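Please look over the sequence and the fold together before reading on. The paragraphs below move from strands to the helices that link them, and then to a single side chain.

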Amino acid sequence: MTSNKLLLSVPSLLRTTSEQCPRPMACTPRLWVHNCLALLTRGSVDSPVVLHSDHCAEKLLPWFDGMLEADEEYYKTHQEPLFSSHMLDLSEETKERNIATCVKYFKRMAPLGIWLEMEIGITGGEEDGVDNTAVDNNSLYTQPEDVYDIYAALSAIGPNFSIAAAFGNVHGVYKPGNVRLHPELLAKHQAYTKGKIGGKLDLPL
């Protein structure tokens, strides 16, 4: 029988788990995570499941702590984590604080085999209550030096991470021409980091 991979993100599960926890945001992080597990394992599950938590800002780190504690607890029994990956979105913080926080958590995640996605650079428009509609356009593009600093810090811990770099991304609806995306910057980040590490890897990021 062919198995299909099922990708579930925490925002979608937050809506789906209302029957287990009528007020999900009032639940403790650990209780809510276990509600997610109960949902996923209900009945016969033949497909592998990838469970990802998305866009955890600084103010939501207590939730992140609860999810990671649940990962560690689950790992002790099952030799695999509850979540497949977590995203830390500390793009509103300083680069130094962003990297230091990611390093702190990645040191706990790496031994469990959990993938870390982190975000660096500002996304224009409004998302999760953060309004960046008036920011300078130059702030919407992550610099290659910043990407390398993240790579250097996280690669020293493990390989299972990705960097969500800004290349002009803007949330919302805009007239044609008002948003200028430059995805070619991502290739420049690759080239810059490759040069910094002496060309050891073609695609280090």
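What follows is a short walk through one part of the model.

This is a predicted model, in which local features need pLDDT of at least 70 and side-chain atom pairs count only at pLDDT 80 or more, while totals for chains, interfaces and linings use all residues. Residues are numbered from 1 along each chain as its sequence is written, and side-chain values use heavy atoms, with hydrogens and water left out.

Begin with strand E3, residues 85–88; strands (E, at least two residues) and helices (H or I, at least four) are DSSP runs numbered from the N terminus. From E3, Ser85 and Met87 point one way and His86 and Leu88 the other, and all are buried, that is, under 20% relative accessible area with a 1.4 Å probe, protein chains only.

Strand E2 (residues 49–56) runs parallel to E3 and is joined to it by 3 bridges, where pairing requires at least two DSSP bridges between two strands. In this pairing His52 is opposite Ser85 of E3. Between E2 and E3 the chain passes through helix H3 (residues 61–78) in a right-handed β-α-β crossover, meaning that, with the strands pointing away from the viewer, the path from the first strand over the helix to the second runs clockwise.

E3 also pairs with strand E4 (residues 115–120), in the parallel sense and over 4 bridges, with His86 opposite Leu116 of E4.

Within H4 lies Thr101, which counts as buried because its relative accessibility is 10%. Thr101 touches Leu61, Leu88 and Leu90, residues up to four places away in sequence not being counted, and touching here means heavy atoms within 4.5 Å.

Conventions:
Buried means under 20% relative accessible area, exposed over 50%, partly exposed in between (1.4 Å probe, protein chains only).
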